[in-house]
Amino acid sequence: MRSFFRLRADWQTDDEQVDVLVLFNAAQTLDTRQLLEQVDREVRATLRPDQLIIISRGQSAAAAATDLARPEVRSTLLQRVGEGCHVELWSFDAAGAAKSVGTLQEGPFHTNPGLHAILRRGATEIFNEHKGFVEGSENYHFRNPSGKHTDRFMRLSNILVRQAEITFLALALLPFVPSGTMNAYIDTPALHAVVSALNELRRGSDNEGYIAAENFRSYYGVDEHPFIEVGRSVAIVSASSSGGLAERLMARGFDPDRIVHLLFLGEHKGVLQVAVDLAADRIRNPKGHDPARRTYDGDCALCRQGSMFIQLRGDQFDVSPPQPVPLVVRQAHAPEALAAQFARLVGGRCLNSSTSHLHKIDTDALLAHADYVERLDYFLRRFVPAGAQFCVLPDEQSEPWGALAATRSGQTLHFVRADRPNEIENIIKDADGPLLVIAAAIGSGRRLLDISRELRTAAPRAPITYLVGFAKPTSPDQRRTLRNSLVFSNREAHHAFETVEEMVLPSARRENAWDRELAFLQAAADTWAGRNRKFVDQRIDRLGNVSTPLIEDAFVANEESGRLRLRPGFAFWPEGLVTGAETQADVFATVSSVLQSLRTAPPSAKEALRSGWFRQTLIHPEVFGRFNDGIIQASFLRAALPSELDYRSDPELSEQVARLIGRIVDGAHLVRGEAAFEFLLALGCERLRLRSEHLALALPQAPARRPLVQAIRKRVKAALKA
């Protein structure tokens with residue numbers, strides 16, 4: 001069991017921004033082996049921190065200090081964090097007060113953020129990671145037990161996942177539990193786990209006894225619950241944005257100093273006690289949340305706009321989710337720059353997929369594509385800083401970009417490879433002239449963040465220009481976050497960040513349709529015969545060859561030698577762009593970008609693809625009629641998430657899709673049925689799912705006019721029956 005909670009955050013001092021790693025030990029004793037493993041994982045993932053703070057319980061602090069002072073533990077720990085890291089041990093007592101136990105190593109950069117600040121940021125991290133907010137949409141909102149209508153609410157049970165995190169939250173409550181407290185009245189059973197952890201933290205103190213927890217069921221029970229000995233009790237409210245429940249508790253006899261909110265996001269009224277304030281603050285809580293929300297006591301503007309309300313019931317805010325919402329994908333849903341991008345990129349063969357990588361950028365193909373090189377040339381002439389001596393490259397594939405930067409700017413650049421240990425630190429030490437960081441292609445941008453962190457130490461006075469050949473963020477928000485992180489500087493002006501091409505695409509870790517296809521074909525390979533068996537064996541070999549990208553053979557046609565081709569009039573591309581130079585990978589990347597943009601649309605968007613507890617958007621069957629080229633239909637089938645093609649919860653849509661597939665399979669020899677194999681494959685791989693009573697409509701009895709389609713239909717029937 002993991003006994004540590006980890007927090008990694010930047011703390012601003014007067015002169016420096018200090019990168020602090022906090023390790024909170026939730027166990028009663030310090031497991032030094034687990035501590036060293038945690039530090040090792042952290043350093044490998046996000047490099048060495050400037051400061052390490054280890055927090056342990058007061059009653060075990062002396063033993064923890066002794067363990068950390070053992071030569072083999074101390075030397076290993078300091079070796080992993082490096083000689084520049086300030087390392088200290090903190091403890092806390094039964095009242096939640098912290099103190100420094102000792103410093104293991106002095107470092108040049110350190111700060112004293114205070115335990116309360118650590119608890120606030122750490123609890124916010126827990127809240128964010130485990131999605132503590134349940135949010136509505138334009139289609140629905142919530143009516144909470146108090147009767148108010150709101151567009152979101154906090155649900156404590158969502159974030160009580162790991163024991164170390166639960167203990168960390170209990171520590172945030174500790175200072176608000178008066179000495180001598182005997183009872184804790186809680187508003188939700190989810191708080192039982194937190195009170196149990198609270199008792200563990202208080203154990204060992206001579207002045208503190210066991211606290212018994214009792215659930216008063218929030219607004220449902222606050223007015224009738226038989227509260228006793230309120231003067232020796234504490235009332236714990238799990239989460240609030242108004243303090244309304246606290247007012248009801250005060251009316252039942254509780255003093256304000258015996259009511260505490262574990263999580264709070266809103267306006268502090270009167271004497272509210274708050275353990276964790278989730279509100280955003282640029283300095284104190286940069287990952288916090290905007291307290292503004294839409295809440296209505298009487299006349300509800302959300303209802304007037306056509307949004308339906310979902311009644312929250314019980315002390316755990318239980319709900320019944322609404323029915324799935326079908327979405328018709330249209331031309332207007334494409335990102336604004338997408339058409340112009342593909343006007344430049346089509347035919348360049350720089351976008352491809354495989355079973356190992358959903359969307360891979362072929363950087364060699366980019367540099368061989370004239371339209372891209374012309375755009376790159378302008379960016380190099382515009383953004384490579386004059387007087388630059390060093391060019392940092394994250395990897396080998398970025399070297400040609402560095403060479404072009406030197407040629408176009410007419411400068412002699414010294415190239416530094418960031419993927420080689422200590423090269424930045426050894427070569428660029430204390431440089432103060434302009435630096436160029438150039439990357440051929442990035443996804444999340446994690447490598448650039450690592451480089452930024454190293455340069456902040458190696459060359460803190462140097463202005464930096466980041467230039468990316470092709471960026472594929474998963475959302476506009478991710479791109480903005482990356483840019484803001486890279487350009488931030490404490491100097492007179494911020495750094496610069498520019499991308500030559502940028503396209504919103506799903507993460508490489510997302511569900512991959514070619515993985516599913518390979519598994520399906522391998523599972524039933526022995527049941528294929530004759531020419532069809534030869535085709536399947538060849539397809540299995542092709543999908544297994546991950547080093548050769550899928551460009552013109554991403555989809556399977558209805559005949560062994562066939563190819564799905566695009567006809568003129570593709571809605572997401574400029575008119576006249578379809579000339580025969582385009583590839584299947586181009587079409588797939590286009591559709592994939594459109595769908596990912598719909599998934600990451602802002603909450604205010606009227607139409608979006610949402611996959612969550614309260615809403616599941618489905619691709620409307622009409623999409624396959626509007627986009628009736630087989631290659632586009634195949635792109636939707638492979639670019640959609642399985643949840644977006646799961647029609648089992650809507651009988652009407654399930655029947656509609658089943659009839660559509662049946663007609664396509666019947667017409668496998670006609671233009672209307674050119675994607676028949678792809679539809680049947682999606683069914684067999686269970687990426688597209690129908691209600692059992694509708695499967696017969698999708699798998700008609702009449703033999704298909706194409707042997708390959710007839711063969712896969714037989715396998716799909718067998719697989720779905722099994």
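This section describes a sheet with its packed helices, then contacts of aromatic rings.

The model is predicted: local features need pLDDT of at least 70, side-chain atom pairs count only at pLDDT 80 or more, and totals for chains, interfaces and linings use all residues. Residues are numbered from 1 along each chain as its sequence is written, and side-chain values use heavy atoms, without hydrogens and water.

Five strands form an open sheet in the order β1-β2-β3-β4-β5, with mixed pairing. Strands are DSSP runs (E, at least two residues), as are helices (H or I, at least four), numbered from the N terminus; pairing requires at least two DSSP bridges between two strands. The edge strands are β1 (4–12) and β5 (98–105). β1 runs antiparallel to β2 (residues 17–25), joined by 9 bridges. Within this pairing, Leu7 stands opposite Val22. Helix α2 (residues 58–69) packs on the sheet, touching β3, β4 and β5. Contact means heavy atoms within 4.5 Å.

The structure holds 19 aromatic pairs. Rings of Phe, Tyr and Trp (its six-membered ring) pair with centres within 6.5 Å; planes under 30 degrees apart are stacked, over 60 edge-to-face, the rest tilted. Phe216 and Phe227 have ring centres 5.6 Å apart and planes at 65 degrees, so they are edge-to-face. Phe216 is buried at 1% relative accessible area, where buried means under 20%, exposed over 50% and partly exposed in between (1.4 Å probe, protein chains only). Phe227 is also buried, at 12%. Trp514 and Phe588 are edge-to-face too, with centres 5.0 Å apart and planes at 85 degrees. This pair links helix α17 to helix α19, 74 residues apart.

Methods. Axes fitted to C-alpha atoms, helices over the stretch in contact; angles between N-to-C directions.
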